Structures are given as C-alpha cells and as structure tokens.
Amino acid sequence: MSVEGVDFGSVALTAAARDLTAPLVLLRQLSFQLDGQLATNESPATRQTLQNLRTAVGRTFNIADQLRLALTDENNLVLEPVQLKGLCHELNSELKPLQRELKCNLDFELPRRQPVVAVGNYQALKTILNGFLSDAIRYEGQCHQQDANRRIVRLRVANRHSGDVAIELHDDGPGINLARSLEAVMEPNNVNPTVARPLMGSLNLLLADRLIRAMNGRLTIHNRRRGGITIETILPTSHQLTLLEAIR
Amino acid sequence: MMSNIDTKPIVTLLILDDDQQFASSLADSLAVAINANCYCESDPERAMQAIDNQKIDLLIIDIHLGDRNALTLLNELSTYPDTLALPKIILSSSGSQLSIDDLGSYGVAAIYDKRTYDLADLVHKIQELTDSGD
C-alpha cells in the first residue's frame, strides 16, 4: 500500500498513540473489576497493587499524549485562555495516586482571590506539567528515601508585573546536566552512568520547550545550589477576565 | 471498598459502548458494587430498542462508537419527554474535552473521562441519580 505525500512515520506513530487508548482504558477498568471481585478480607497490599497498576496506566497515557503532541505541528496549536487554578486542581487530583504510592506531597501556591489566566493550549500545558510533576515526585522520593515528611514538590503560580504568568516548579531531586542528558536521549543504548537525572522521561523536556515556545512563552531550567532543580515556565497573561470585569 | 448489599434496590442500567470487553467489565463492576442489572449494547439502534423494551433507570454512554457517534441517539432521546428525563452519564475517552454546558440539554447529568475516572465516583453518581444509595 502506498499513499503519496504522507509522512508514514508520523502517521503511524500518531495512530499507534491513539490506538493505545482502548487497551489502556480496558486495563484500568479490569483493575476496577478485579478490585470488586476480591474477597472483602483481601490484604490492603493487593488493593494497593491494583491502584499501582492504574497509576502505571495513567503514566502510559501521559506518554501517549506527549507522543501525539510531539507529532502535532506547533503552528496548529490552538491557543486559548487557560485558568491555572482549575488546571492545578485537575493535576493535583490526577497525580494523587502517584503521590500516595511514592509518599510525596504536591504543594500548590496560587494567588488568593485573583484569577491567573495564561494564553496557551490547555491540553498541551496539562500534559507538560503532568510530566514535570510526575518526574519531580519520582526524583523527590529518591532524594528523601528515609524521610517521607520532607518529600514535597512545590508548584508556584503567579501573575508577574511584566504582564505574564510564571509557573515555577521546585524539587529536591538530583540536578540535571542538559548536555549529558541529551546525549543519553540520542544514544539510548549507550547508558551513561554519570547521568543522574535523564531528560525528564526523555521526551518531555524537549517537547515542552518546543510547545511552550509555540505558546509564545519560554522555559528555563536550573539546578539549585542546595540540590534539586527549578523549572520556570513563562506564558503570556490572558486579559479575557480583566475585560469581563470591566464590562460588569 | 464497595460491596454488594442485597437489600439495596436493583438499578437497571444500559451501557452503550462499542468496546464490548470494556462494557462487560464495567457491568460486572457495577453489579458487584451496587447490585446493578446492566444491559450492554454497542450500536445506537439496539440501544434505542432496549430503552423501549426494558425499564432502564440510567444510561451510560460512550460518545465514539467505532465509525458512529452517540450524539444522534442523544438528540433522538431528547425529543421525547420520558427519554429526555432519563438520566445519562457520558463515559468517554474524550470526556475531558466535553462540556456539561453543551450536553446538559440532552439530559446528560455527568461526564467522566475513561482515562481518569474513578469507579467509586461513578457509582456514587449513579446512586445519586437513581436514588438507589443509602
């Protein structure tokens, strides 16, 4: 079969990412079914295993979403006002099982009684932040193996005077060496033992940088002096709500 | 932990989903959790027949049904007062992209994303909509 003018690799990958949905959804539902079929005196560990299975499915969904976004032409990304409070609430609830599994808390800091609305693509931003937060939760656990109380990943959202929105993520995990991490991505079989923190699930950071730029924003990442990293995402502020307030 | 409590009234549900394995697994889960009696259908015409022939208390509908979608069925159901009043829950992989504001006029009471929904939440919503809870 031959279809002229079609980038077969991209089409095949997009189709594969889409086709993953049905079996993953089924796996998730089968875990619920098994949960219900277990005898009531089944050990909590068994139920936790089923919950972990659902968490793993959720992570696979996120990878499939990232793959689909990576294949999206960034010029076709629909930009819209994104309410960051609602987005943070949704991320927190989606990542609860991973937080429980790895005994790490997410701490969201948002301005009180003040809407924070950025211009971006909701789905892309959610997938990017979900990837960042999932990675941060995993590395935070590695860093504070003995002390679960110290495992806190912080996400701070703020309106800035310069007319944009800042989303800052802080964790205490190992620092990141971008050059070495990139090498590890390009040559996955040549495992470099000096790479303490691979490039955010290989795809996420590269993809995030490309998509954030397509949203007219920018992404910066730096190692903190006392350990951990900060990822700062800057996006333009949406003035939609300000205008609505003025009309009222 | 949800358990099957025989004293609860039986709720009759219709699950419209083209993935019969998913529908069957969901039916099993709901039977265990709330003693629900579930009919599973994969195409809108057969779903309509089931609604006419069985006493259905609530519909659980997937939007994408292979090469078709459930919007035509929702539109059809909204034209009769009895079927408009029938509580409907959307359970779809595109759930997060759908809005209750858009689908509420079809009698849709809740929307869940198949990729992230929690069975306990779904069960609670079914009980709330059918008055079958405690």
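**Figure 1. Elements that line the largest pocket of the predicted model.** In this predicted model, helix H3 of chain A gives the largest share of the lining of the largest pocket, namely 11 residues. Helix H3 spans residues 44-70 of chain A, and at least two lining residues each also come from helices H2 (21-37), H4 (84-94), H5 (96-102) and H6 (122-143) of that chain. Chain B takes part as well: its strand S7 (108-113) and its helix H6 (119-130) each supply at least two residues of the lining.

**Figure 2. Centre and surroundings of the largest pocket.** The volume of the largest pocket is about 1,500 Å³. It is lined by 48 residues, of which A:Arg28, A:Ser93, B:Thr116, B:Tyr117 and B:Asp118 are the closest to its centre. Sorted by class, the lining comprises 17 polar, 16 charged and 15 nonpolar residues. Because domain 1 (8-71) and domain 2 (78-244) of chain A both contribute residues to the lining, the largest pocket lies between these two domains.

**Figure 3. The second largest pocket.** The second largest pocket holds about 590 Å³ of space. Among the 26 residues of its lining, A:Arg18, A:Thr21, A:Arg68, B:Ser93 and B:Ser94 are the closest to its centre. In chain A, helix H1 (8-19) and helices H2, H3 and H6 each provide at least two lining residues. The lining of the second largest pocket consists of 11 charged, 11 polar and four nonpolar residues.

**Figure 4. The interface of chain A and chain B.** Contacts join 19 residues of chain A to 17 residues of chain B. Between the two chains an area of about 1,600 Å² is buried, with 54% of it given by carbon and sulfur atoms. On the side of chain A, the residues that lose the most area to chain B are A:Leu26, A:Gln29 and A:Phe32, which together account for 31% of what that side buries. One salt bridge is found across this interface. A salt bridge joins the side chains of A:Asp65 and B:Arg115, with a distance of 2.7 Å from N to O.

**Figure 5. A salt bridge within chain B.** Over all chains, the whole structure has 19 salt bridges. One pairs the side chains of B:Asp17 and B:Lys114, at 2.8 Å from N to O. B:Asp17 lies in the loop between strand S1 (12-16) and helix H1 (20-34) of chain B, and B:Lys114 in the loop between S7 and H6 of chain B, so the pair ties together parts that are 97 residues apart in sequence.

Note on methods
Residues are numbered from 1 along each chain as its sequence is written. Chains are lettered from A and ligands numbered from 1 in the order in which they are written. This is a predicted model: local features need pLDDT of at least 70, side-chain atom pairs count only at pLDDT 80 or more; totals for chains, interfaces and linings use all residues. Side-chain values use heavy atoms; hydrogens and water are left out. On a 1 Å grid over the protein atoms alone, a cavity is a set of points where a 1.4 Å probe fits but cannot get out, and a pocket is an open set with protein on both sides within 12 Å along at least five of seven lines; lining residues have an atom within 4 Å of a point. Grid points are joined across faces, edges and corners, and a volume is the space filled by probe spheres set on the points. Helices (H or I, at least four residues) and strands (E, at least two) are DSSP runs, numbered from the N terminus. Ala, Val, Leu, Ile, Met, Phe, Trp, Tyr, Cys and Pro count as nonpolar, Asp, Glu, Lys and Arg as charged, and the others, Gly among them, as polar. Domain bounds come from an automatic or database domain assignment. Contact means heavy atoms within 4.5 Å. Buried area is the accessible area (1.4 Å probe) that two parts lose on being put together, summed over both. A salt bridge is a side-chain nitrogen of Lys or Arg within 4 Å of a carboxyl oxygen of Asp or Glu.
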